[in-house]
Amino acid sequence: MSTAVIIGGGIIGLSTAYYLRKEGWEVTVLDRHEGREGASYGNAGFIGSSHYVPLANPKAFNNALKWMLSPTSPFYVHPIPSLSLIDWGLKFMAAASPQQVRSSMRPLAEIGLLSQRLYEEWHAEFPTFDYEKKGLINIFQTRAAYEAAAAHTKIAAGFGMEMHAISPAELAALEPDVPFEAVGAVNVITDAHSYPPKVMHALINRVREMGVKIIKTEATSFTPSGNRIVDLQTKDEPLEADIYVLAAGAWSRELGDSAGIKIPMAAGRGYSMTLPHGVCPLRHPIYLGEGAVAVTPMDGDKVRVGGTMEITPMSTPPRMARVHGILNTARRYMPGREFPEPTEENVWYGYRPCSADGVPYIGRSGRMENLLVATGHAMLGFGLGPATGKLIAELATGAKPSMDVAPFSPSRFESSVF
């Protein structure tokens, strides 16, 4: 029986374990928290393909320059002397071109649609989590942002999505309990959402039922020899396998360094708060366009408010100013709602692995033939988890991938020198 060791027990690692085990592999997942913490738990729960514009895009780059020194803005860069961060930033700037964005949109849309279909299969197989196909409403307060989003409805249709520009009156009809201050919105009919903790608990239980081992430990380094990984060093003992899958999220770059591969990546910290549904009784998930804040009704009695992209060392204490910025954005779009200021103990924060061009790294390492990489999903990890796991399993077994994986190649930045 072929063996696999997966580093990382988030949605990406567990999805990979699920699909490898279905193919008869003996699978071990390593995670410092046994898969029970991290960005897979505190995210907005979006499932679908509507976020197909990569993080590295001209608008994001221009906003980053404007926002990067503001403590409450949607995007913030902690200035530190780091060669790897400089390298990532230069690659991010180069990727934020109209031509690069256009080439990235289709693969991001396709993997989102694939992942959504797989979520539907999961829900039929182990329906202990909610799968709610209620769409997603993107709301805008400026005419320019609204018109730019409305122009994307035709592009989205070409990718197999259904979305429509709607007026403030149509928005009010969809959300009669929450008045909005908006010039218009885009209603994404095809999207879905779920409550991330229930998805994760269901997936952990399912893979354990299937015979996957989940070990609480920390991977420290690979031991390479020639073009292969000999073993994986951990805090407890070295582990050997036929293949290794690097799905350690924001911690993947350092582990990649130990294998001699370069994975340009930055840790983007996000924050969320899970509140009683009565605080903001929405009927659909919403995204506050200019403010980059997500507000999602979840689990029947909750609403989650989250956002911000904070490029910062992972040792940095949480910044409550970022939380205030998120809540002030929500209040600006929904002036009739009262969002209570939480204590630090009631705020979740976690680190998203941000690739240098806004496209995940999914595929075989260019240098180590028995190492596969599955990371760099930024804010899309929860939504793209099932598809990523399936693609990695197909590559490991030699099956034809469910879609073209070339745009996700982990080797596309091998010229990086830092």
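1. Glu394 belongs to helix α11 (residues 381–397). Helices (H or I, at least four residues) and strands (E, at least two) are DSSP runs, numbered from the N terminus. With a relative accessibility of 10%, Glu394 counts as buried, where buried means under 20% relative accessible area, exposed over 50% and partly exposed in between (1.4 Å probe, protein chains only). Apart from neighbours within four places in sequence, Glu394 is in contact (heavy atoms within 4.5 Å) with Ala399, Lys400, Pro401 and Ser402.

2. A word on provenance. This is a predicted model: local features need pLDDT of at least 70, side-chain atom pairs count only at pLDDT 80 or more, and totals for chains, interfaces and linings use all residues. Residues are numbered from 1 along each chain as its sequence is written, and side-chain values use heavy atoms, with hydrogens and water left out.

3. On to the rings: the structure holds 15 aromatic pairs. Rings of Phe, Tyr and Trp (its six-membered ring) pair if their centres lie within 6.5 Å; planes under 30 degrees apart count as stacked, over 60 as edge-to-face and the rest as tilted. Tyr52 and Phe159 are an edge-to-face pair, because their centres are 5.3 Å apart and their planes at 85°. Tyr52 sits in the loop between β3 (46–47) and α3 (58–67), and Phe159 in the loop between α6 (143–158) and β6 (163–166), so the pair ties together parts 107 residues apart in sequence. Both Tyr52 and Phe159 are buried.

4. Tyr271 and Tyr349 make a tilted pair, 6.1 Å centre to centre with 40° between the planes. Tyr271 is in strand β13 and Tyr349 in strand β17 (residues 348–355), so this pair ties together parts 78 residues apart in sequence. Tyr271 is buried at 2% relative accessibility, while Tyr349 is partly exposed at 35%.

5. Ring pairs link Tyr18, Tyr19, Tyr119, Trp122, Phe126, Phe129 and Phe382 into a cluster. Separately, the charged end of Arg32 sits over the ring of Trp251, 4.4 Å from its centre; the criterion is NZ of Lys or CZ of Arg within 6 Å of the ring centre and within 35 degrees of the ring normal.

6. Helix α6 has 16 residues and spans 24 Å from first C-alpha to last, close to the expected 22 Å, which is 1.5 Å times one less than the number of residues. Its buried residues are Ala145, Tyr146, Ala149, Thr153 and Ala156, and they pack against β5, β6 and β7 (184–188). After α6 comes Gly160, with a positive phi near 95°.

7. Helix α10 (residues 320–333) has 14 residues and reaches 20 Å, close to the 20 Å expected. Its buried residues include Met320, Arg322 and Tyr333. The buried residues of α10 pack against β4 (75–77), β5 (136–140), β13 (265–276), β14 (286–288), β15 (293–298) and β16 (302–311).

8. Six residues join β18 to β19, and Ile362 stands opposite Ala374 in β19.

Methods. Two strands pair if DSSP finds at least two bridges between them.
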